[in-house]
Structure formats: structure tokens, C-alpha cells
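Here is a request for a brisk report on a structure.

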Amino acid sequence: MFQKDTLVKIVGEKNVTDESSTLDTYSKDLSFVNTLRPDFVIKPKNANEIAQLVKLANETKTPLVPVSSGAQHFRGDTVPGSGGAVVLDLSGMKKIMRTDRYHRVAMCEPGVTFEELIPAVEKEGIRLNLPLLPRKSKSVVGSLLEREPVTMPTYQWDISDPLACLGLIVGTGEEFRTGQAAGPGTIEEQWEAGAVQKAPYGPGSTCWHRLFQGAQGTMGIATWASIRCEILPTLEEPFLVGSPYVERLFELSHWLIRLRLVNECFILNNTNLAAIMAKNWPCDYQAIKHALPPWILFYNLAGYEYYPEERVSYRKKNIQSLTQKIAVESTKALAGISAGELLQKVHRPSEEPYWKLRYKGASHDIFFLSIADKLPGLLDAMNIEANKASYPASDIGVYIQPGVQGSSYHCEFNIFYDPQSPSEINQVSQLSTAATLSLMDKGAFFSRPYGKSTDAIMNRDAATVTALTKVKNIFDPNNILNPGKLCF
Amino acid sequence: MFLSPEVYKKFEDIVGEENICGDLAIMPSYHSGQIGAVVLPKDTEQVQAIVKLCNRLNIQFTVMSTGFIRAAMPQGCIYLDMRRMNKIIEINEKDMYAVVEPYVTSAELQAELMKRGLNCSIKGSGAQCTAIIRGHGHMDLSTGGDDRNQLGMEWVTPAGDVLKLGALGSTHEWFCGDGPGPSLRGVISGRGSGDALAEGGVITKAAMKLYHWPGPAAFELEGQSPNYNLKEIPPNFMVRYYSFPSVPQMYEAELKIGESEIMFALMGFNVAMLSANISPNMEMELEVIEKLNKEVQGPGFYVIVAANSPEEFEYDQKVLDKIISDTGGKSLAMVEDPKVGALVLIHGVRISVSIRETFRLRPVGGKAYGFQIMGQRDVNIKWIDEAANRKKELIKKGLGADDGGVYFGWSVENSHLGKTEIFFDPSPHPESLDAIIDWQQTTARKALEDHLNPPTHLPLSVVGPEVSNYHIWSKKLDEAFNPNGTTVVLPSLMG
């Protein structure tokens, strides 16, 4: 257990709190994990302070829970999983260390949000490969560590993209850097030599960053990340494709990505597109939802430095022959929804309130990876489970994001509920548990397990759990980093 | 026979008498060392049984699929020859991945893929090598490289456990090798630099990411080896070689080509390397080099445009012309000849342009001195350029083979990343070898001292402390997964 005066010596008095109301805010989130109040919330300012805190936690066997994003939290990974925990709130670590057009890379600390980094990189002529409308307070580093899907699958060569390198304090309190950033030399010495922490490989033959992504802070605490960026287009032309047949949109997205014709490319159902686009609630929401076809594919063409109009023009022509074959139609607007307006939203974090909270005040997300042939069956399985739980299936938002240049799909169900209603909370919680099991039975791969279903997911792959435990014992032998999460 | 009859029989019980050999007359065909026995497993279960038996008997093992060069091995070790595991298990066209066993070569896989309008990354080691090798190749600009094409994998750990990475572990699907939770993928799929867990175990199946192929279902050839060639360059394909007044101008062009996303392949070969691929024999190769040297203005690269439509082809050409013009590039007339361009195309896509240029000048199994560095291309060019200048000084003194002091490289993933390489072969001078080893050490130390990259050719105890102490973490991983130290050298499927 930590002593307050020891903590004050490390981070300063104003950065340590044990005030009840503050602790309460870190004790729960919108997931269904148990509420558990931490003993302290600490706001370290730099890697050195984090290293000292981790070493102290090892001496006192104190659980540490790293948090980078601001509220609201959704997945239970930042709620303490064991008693006597101390939250390390990194949201104050706000440095943007690099925005570099020539090397197409940015670098920032964990407290930097999408709202802050997007304009900073755009000023240099580059852009982030963004997740779909992240909340304004979402940490960029947090999103990368969580392997969140990104909206431009053509530029996602590897599932770890766009993460380049990581600066870490691992569970032993030692500093470790991944990829090109590992060394030789300090980061500043590397900059002086012209090196920019871009390559994710190594050091050595191990790709270390993979061990820290998806770990929910259980292996190490990131003190910065570098991010692969793409060039800001000089011309963009977005389109919507509506259809009652989601399989046709899978087919179209496959070819758009396979032929590398588009940048942003994803599929929403009418519920989610309405939730994103509605201005006046609730009347707009219902009107848009009912006017839209059940499924909508969004894609965006871009031109860059050389002959942008010609680039967009030939791509439009090539796409037209695809849509004709698949019997769908690309349009600039659908049921009053403009592709251009959606594009503007997709380039930014969500406006407040966060789009997933607009309908009922809360959303529980079930998400997994799968392949094209299995997705229709998985969509059906979710509808069956919703019906069993008496939750209106048409109220479930669906977001399908092709990933890794078309080799997989992220499928996400957004189940909206009233967080003030115990009966709705109970209903959605039970639906989530049942649906997760049913989806797993039908081949859904829950690559990023969170919350109450984590055990059920991890238990299906005992060999991986055994191997991960070996890795955990190396980087965090005393299990002080976010104990109770994943399989640790 | 280095194994006792009793021990030999235990391995024979796993694979059958037809699939094990301890004959001292046969062993040298596998390796010059004193191998205990060569065993040929047919599936994962047999691999696992062999590895478990090795652990139980405290016998070391090593693995080879399509390779032909192996570092030193301890006396009496078991050598797993993977040639019976040669099946293409699945080609998933919709999700663009293929699942293969370790003895499937890139050439075999690519032939099947092209029939389906798909392609895979072929490594510089050649299309005759296993399709699941980790490394870089000549289509990296559009297909990526290294471990970034690997998806689900099945791994028999050095202790004999079977680990199915990613989706495979719980869903029997191969499309993802990462999770649940942290990804173990990067830890196991090593390149064999002697420092990681990657040294351990056997990869028994792997899924590889695929890419669109806009060309024909098969290349139609004419002529007899070695004078064979494509009948014609397919529609919407173009091959060119451009030379530039300087390295910075060449790299500027390379970067712009990557950024504009117009190119299927770009390879920074010098004229000697180009000549190796367009000449059927050594005599002609030397003549061509002489001719090309008169025409080029400096460093250069070849490009392959492979467009999906006539409109795209027209656009790609127009952008390429603009970039070449802006950067002072000059097209090599010889490669504009469709017959010569076709040779570059077939070697660049189906074979690997490294094969002739490597083995014509260097004996098989001969040691290559030099560096192959992945990562940030501009910073590595700067470092290798300095090494090339030191190389030229030694060449002037007759202390190394005279290749003009060249180095080469190429961009990866639309020029986000890159690979840069330099080699230096000894001359007949009696002090040549010592001079080259000294050059190698100097170059490696410069990388460390100038904070450029973690170099090869220096001891891990020197490099590791400068690079986040990764050698210590690697050792811990190795101890955790390879507790009995049974795996020898590198895994499995290199080469």
C-alpha cells in the first residue's frame, strides 16, 4: 500500500488525491464490471515519475491502473480489478513531440487526445488513420494500444498499424522502447542523427510492440507512442452506397480495398448512421433511420500531389464498373444524408455528446473480428440473441470495418441503453453475456476482450493464456500492472 | 550413427523407418556437422512428438524447410527436414490470405494465386524458398514485407507445446494472428539474428496475407533455359530503369513514387545487378554492365507498373513521368526494349532478382560481408553511403572485389519504410579478408556511435546495452519458452 507522503514526494501534492468524490469517478464506468474504488489517483508528469511509482508499487505490491483517456470510459479496463489499487492518470501528459510531413510520422504522450493531435498533424500536411468518430477525450496512444480499428483499411498493412514505436515503463520499473526507437541512443540523440522512430520492427528479431498492444496496461505503461501518418489529400470525393443486402456491400468493400481505390471505407446500419448524423433528437434520429436503407457503405476517393482530379476521375470510372456488376449504386446523398457531411465528421472526433451516447445516454459495445463469409451468420446470431432478450434488434447499431487491407472485418454491435434504468442495464448486461457466447460459438474472434466476458473469451484458448502468462511473468513479475484484467 | 540404436528407434517410431536417416554417408548432404539423425515429419503431431522427445532425452534439434545453408550445429542433434509438409491448405480469395505448410515454396503458392488474380510477397531469397519465410523482397513497395504479412500461425514451441496464434486458437480461422489480448506473433516469427525466442520451435502452418494481381493467370514463356523470356509484357504493365545524377535525387524520386501510390514494384539495383537479370551468362553479363555503365548517370532503380485498368495505367505513367522529370531521372534505353523489360518483369515478379546477381558472383554457401538494414530508408542511406565511401577506398587499394563500391535498397509499403543493403566481397589480395572484416566492424560501430540503428556483426553484449537492453529481455523470453535449450540456431523456416 502506498503512503500519501511518499507519493507527494514523487509527483507533487497537487498530483495526488484521495478525495472520495474523485476516487468514485475512477471506480466505475459504463461497462458492467464491478465498481471498485482506488486508494489514490496520481497524475504523473513524465516517464521518470512513472518509473518511480512502478518501482514503489513493486516494493509495496500495490496494483497500478493506468488511464490515459478522459471520461467517459466504456470497457472496464480502467476500473480497478483488485482492492488497494492506485490509478495513474496520464491525461496530463500532453506533449506532442513530433509532427513530420517528410517522414509521415507523429509522436505524442498518452494524454494527447484525437481532438488535439488531428489539427497538429494536419498543419504539417499529414493525417491520422482514425478510428470511427472517437470521443473527443480519447487518448491517441490509448487507441493505438487497444488496436482499435481504423477507417482507412487500405493504409492498414498490419493489424498493429498505425502504431510505429512505443516508449514504455514495464512492470519492473525499467524503461523499454520498441522498434526503431529502442536505440542506439536516447530519443533526442536519434533525432539529432535524423532518425524518427518510424519502423516498428525490433529491436532484434522480436516485434516487441505487439506484446504491449492489446495488453490493457498489464505489461507496461506507455509514456509515448509514434504514429504512422498518411498524406493529407488535396481532393476528396466521398460516396454512399445503400442496400438491403449487406452481402453486396461486403463484396463491394472487398474490391474497393483489394484494388486500393479508396481511403475511408466502412459499413454502418441505418441505426448507427442515424445516430451519427441526427442533429435534432429524437425526431431527426427516427426520421433518418427510417428513411435510410438497412445497410450503408461509405467510401472516399482522394487525390494527392499529382493530378488529383485525374486520380479521382479514373477511380470513379473503375468503381462504376464494380457497382454495376454488384448491382448497387454509389450516390452523393442518401435519404437526405450527404456523403460530404459524413466525411467531415469522419475526419474529426465525435461532437459532444459522443455519438454512442446520444440515443439513450449509454452504449454497450460487443465487437470482434471475422471474415466475409461468416459475417451474415453472425449478424443473424446477434438478432436472435436480441430477440431472446426482448431487446429490439432494430435498435442495435452495427459498424463493420474492413481491416488490414481486406483480410478481416471488425464487427461491432452498439447496444444503446438508459444508464439510469436498472432494468435496461440488467437487460443489456445479460444480452451481452449471452450474445458473446453465441457469437463465439459461431466463429467470432474476440481479439480484444474486455469486461465481464473476458474470462469466457480467454478460456477458449488455454494455450495462449499459458504463453501470455509466461510473458507477463517477465515484464511484470509481481503482477502490479492492472491485475484482474485479461488473464492476469 | 551418432545416436544410440535405442534412441534412434524412438524417433523412428514417430515418423516410420522410411522417414528417418542416420546414415553417415547421407548426413553430409544435409550438413557438414555431425547430425544425429534427419527426420521427416508429415504433420504437426509428428513435429510435436519429435520436439517432446528431444526435450525428454535432452537432445537438441534444428529445422530446415527449403533452405540449403545452415550454421554450425551441435554434434548429435536432430535435424527436422520439413519436405513432407508441402501442402497449400487454403486460399481464401474473399479475405485474401493463404494457409500453407512450411515446404510450400513462394513459386508454388504464387502460381496458384495468379490463377485467382492474387499475389503474395516473394522474399529476396527467391521464389524457391518457403512461402512463409519472414523477410523482404522486390515487391515490398506494394506487398509489404517482414512479419507484416503473417496472419494466423501454428507453432510447436521449443518445449513441444502447440500454440495456435490469434483467431486460430479459438475459432480455427486463420485470418488474424493477434490476440486475444497481446499478440505473441512478433515474438516467434524471427529472422534468426541470434537474439530472441524466435530461435525456438517449429512453425508448422502459417497464413500469409495476399494482394491483388492484375496480370495474367500464368506467364507465357518462350525459349529454352537460360534463354527464356516472357512472350510479351501484359497489358497495363510497364518496366523501366531510371538512373539519377545523385543518391538524394534518386531517393526523392523513390519517395514520391511511394507517396503517389502508383507503383507495383521498385528495386534500387545498380547496373551490375540489373545486368545479372537480363543476361543469360556471365560473359554477356560483363558486356552488358560495360554498356550500361556508359549510359547511366548515377544510381538508379527499376520499376514495374502493373495497373488494374487502362485508365489507371495512363495515370500511373503520367505521374511517373512527372516525378522522373522533376528529379532529373533518365530512362535506360535498353530496358525500354520490351524483350529486356520482360526479363526484368519475370525475374522481378516470379523468381526474385537477387538470385542471379547473388550466385553468379558469390559461391553458394560463401560468406557475404556487409549489412542488410530494414527501417527508415533515408537515415540508412546516409549511413550506408558513408560505408560505401570507405569501401571504395579499400577497392582502390585492391583490398576488395571491385564492384564500383555500390550499395542498393528499396522502399517498402509505399515508401513508409525501406531496406538498404551493402555487400563487400574479398579480392585475391592476401590482406583483403582482414580489411573487409575491419570495414564491417567500423561500419557497425559507426551505426552505434552515431545513433542510427542496432547493427549486426557486433556482439549482443555490445549492442544490447545501447538498445534498451533488449538482449536481456530476449534471453528471458528464451528461458521461458525454451527451458531445456533444445532448439538449435534458428527456427525452422529460414531460407
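## The interface of chain A and chain B

The model is predicted. How many residues does the contact take from chain A and from chain B? Chain A gives 93 residues and chain B gives 97 residues. The size of an interface is often given as the accessible area lost when the parts come together. For chain A and chain B, that area is about 8000 Å². Carbon and sulfur atoms carry 58% of it.

Which residues of chain A lose the most area to chain B? They are A:Trp157, A:Tyr201 and A:Tyr306. Together these residues make up 10% of what the chain A side buries.

The rule finds 13 salt bridges between chain A and chain B. One of them joins the side chains of A:Arg104 and B:Glu259, at 3.8 Å from N to O. Among the elements of chain A, helix α16 (residues 462-475) gives the most to the side that touches chain B, with eight residues. The residues on that side of chain A divide into 46 nonpolar, 24 polar and 23 charged.

## Domains of chain A

Chain A has a domain 1 (96-231), a domain 2 (235-346) and a domain 3 (360-448). The contact between domain 2 and domain 3 of chain A takes 16 residues from domain 2 and 18 residues from domain 3. The centres of these two domains, taken over C-alpha atoms, are 23 Å apart.

Domain 2 and domain 3 of chain A bury about 1300 Å² between them. Of this area, 58% is on carbon and sulfur atoms. Which three residues supply more than any other three of the area that domain 2 buries against domain 3? A:Phe250, A:Ile257 and A:Asn272 do, with 35% of that area.

The count of salt bridges between domain 2 and domain 3 of chain A is one. A:Lys289 forms a salt bridge with A:Asp395, and their closest N and O atoms are 3.0 Å apart. Ten residue pairs are in polar contact between domain 2 and domain 3 of chain A, both residues at pLDDT 80 or more.

Three elements of chain A, α8 (246-258), β13 (265-269) and α9 (270-277), each supply at least two residues of the domain 2 side that touches domain 3. α8(A) gives the most to that side, with six residues. The domain 2 side divides into eight nonpolar, five polar and three charged residues.

## Backbone features

| Cis peptide bond | Omega |
|---|---|
| A:Ala71 and A:Gln72 | about -5° |
| B:Gly179 and B:Pro180 | about 0° |

Where do these bonds sit? A:Gln72 lies in the loop between β3 (64-67) and β4 (86-89) of chain A. B:Pro180 is in the loop between α6 (168-171) and α7 (185-188) of chain B.

Positive phi values come next. Phi of A:Lys61 is near 55°, a positive value in a residue other than glycine. A:Lys61 lies in the loop between α3 (47-60) and β3 of chain A. Phi of B:Ser468 is also near 55°, again positive in a residue other than glycine. B:Ser468 is in the loop between α17 (460-463) and α18 (470-481) of chain B.

Are these residues buried or exposed? A:Lys61 counts as exposed because its relative accessibility is 52%, and the cut-off for exposed is over 50%. B:Ser468 is buried, because its relative accessible area is 11%, and the cut-off for buried is under 20%.

## A buried serine in chain A

A:Ser429 lies in helix α14 (residues 422-441) of chain A. A:Ser429 has a relative accessible area of 11%, so this serine is buried. What does A:Ser429 touch, not counting residues up to four places away in sequence? The residues are A:Phe32 and A:Lys452.

Methods:
Residues numbered from 1 in each chain as written. Chains lettered and ligands numbered in written order. Predicted model: local features only at pLDDT ≥ 70, side-chain atom pairs only at ≥ 80, totals over all residues. Heavy atoms only, no water. Domains from an automatic or database assignment. Contact = heavy atoms within 4.5 Å. Buried area = accessible area lost by both parts, 1.4 Å probe. Salt bridge = Lys/Arg side-chain N within 4 Å of Asp/Glu carboxyl O. Polar contact = N/O pair within 3.5 Å; in protein donor to acceptor, adjacent residues only side chain to side chain. Helix = DSSP H or I, 4+ residues; strand = E, 2+ residues; numbered from the N terminus. Nonpolar A, V, L, I, M, F, W, Y, C, P; charged D, E, K, R; others polar. Buried < 20%, exposed > 50% of the residue type's maximum accessible area, 1.4 Å probe, protein only.
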